[in-house]
Amino acid sequence: MQRNPRDLVRYTASERANHWIVGICFILLALSGLAFFHPAFFWLTNLFGGGPWTRILHPYVGVVMGLFFVIMACRFAKLNVVESRDIEWLKNVNKMIDGDDHDMPEQGKYNGGQKLLFWGLVIGMLLIVITGFVMWRAWWTLPVNVVRAATLVHAVAAVWMIGLIILHVYAAIWTRGTIRAMLYGTVTRAWAKQHHRGWYRKVTGDND
Ligand code: HEM
């Protein structure tokens, strides 16, 4: 891709690699998890070498996703602390969705919606990983009622996470110029000024 030297760096290579390891694991887990969820999706096990292999691999991929998510969440947590300007942004979110975003409150590196999504992912990830460990009978056997309760919470957390990620990907595609931030690490000045003016001012020193 043709780079403009005036573009702004939004993610380092290591942050991007971290994000995509989590993203790829998430897709593998969603596909294999759906295969366990309902017989209509059992054919998805063909992607992983059949039923037994899918059953063996799913929790190990879950451990990799959990570990890399913890690293990613530690990197981004500080930037996702909700401030009063984010609450104002969230109150005006309908205007944003209608495409009338010219007088939205100024945002830092992330807007109120991204921050809510971040904490929603943290909660979902905690629930899904903890219950996943409880259910991992290849390594330990806990009382059957505990495993049953964990199975239910695991399924609810999975639906919650898949919903949030659909929203996340939709927002990333819908806000033109965003996907390249996670692919190549940079965004245009115009993108930063329009969507994250506070961050734009901070990194450029431009008070425009
Ligand atoms: C698989 C498809 C995915 C795509 C296309 C995608 C795309 C993106 C893009 C373009 C950004 C940059 C947004 C910006 O800088 O404003 C981003 C940020 C981020 N993504 Fe994803 N992502 C995907 C999956 C995931 C998954 C599975 C997770 C976690 C479970 C995740 C967590 C995050 C986080 C935490 C950020 C930083 C934003 C923040 O901290 O609020 N992403 N993603």
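## Salt bridges

R201 is partly exposed, with a relative accessible area of 23% (buried means under 20%, exposed over 50% and partly exposed in between, with a 1.4 Å probe and protein chains only). The model is predicted, so local features need pLDDT of at least 70 and side-chain atom pairs pLDDT 80 or more, while totals for chains, interfaces and linings use all residues. Residues are numbered from 1 along each chain as its sequence is written, and side-chain values use heavy atoms, without hydrogens and water.

The structure holds six salt bridges (a side-chain nitrogen of Lys or Arg within 4 Å of a carboxyl oxygen of Asp or Glu). One of them joins E106 and R201, at 2.9 Å from N to O. This pair links distant parts of the chain, 95 residues apart: E106 is in the loop between α4 (93-97) and α5, and R201 is in helix α9 (residues 197-204) (helices are DSSP runs of H or I with at least four residues, numbered from the N terminus). E106 is partly exposed at 31% relative accessibility. Elsewhere, salt bridges that share partners join E83, R85, D86 and K115 into one network. Within it, R85 and E83 have their closest N and O atoms 3.2 Å apart.

## Aromatic pairs

Let's turn to the rings. There are nine aromatic pairs in the structure (rings of Phe, Tyr and Trp, the latter by its six-membered ring, with centres within 6.5 Å; planes under 30 degrees apart are stacked, over 60 edge-to-face, the rest tilted). F133 and W136 form a tilted pair, with centres 5.9 Å apart and planes at 55 degrees. W136 also pairs edge-to-face with W139, at 6.3 Å centre to centre and 80 degrees between the planes. W136 is buried at 9% relative accessibility, whereas W139 is exposed at 54%. Ring pairs link Y60, F133, W136, W139 and W140 into a cluster.

## Charges over rings

Two rings are worth a look here. The charged end of R55 sits over the ring of F36, 5.9 Å from its centre (NZ of Lys or CZ of Arg within 6 Å of the ring centre and within 35 degrees of the ring normal). K109 lies over the face of Y11, at 4.9 Å from the ring centre.

## The second largest pocket

F36 returns in the second largest pocket: of the 27 lining residues, the closest to its centre are G33, F36, H58, M135 and H154. The lining divides into 19 nonpolar, six polar and two charged residues (Asp, Glu, Lys and Arg count as charged; Ala, Val, Leu, Ile, Met, Phe, Trp, Tyr, Cys and Pro as nonpolar; the others, Gly among them, as polar).

Methods
1 Å grid on protein atoms, 1.4 Å probe; cavity = no way out; pocket = protein on both sides within 12 Å on 5 of 7 lines; lining within 4 Å. Helix = DSSP H or I, 4+ residues; strand = E, 2+ residues; numbered from the N terminus.
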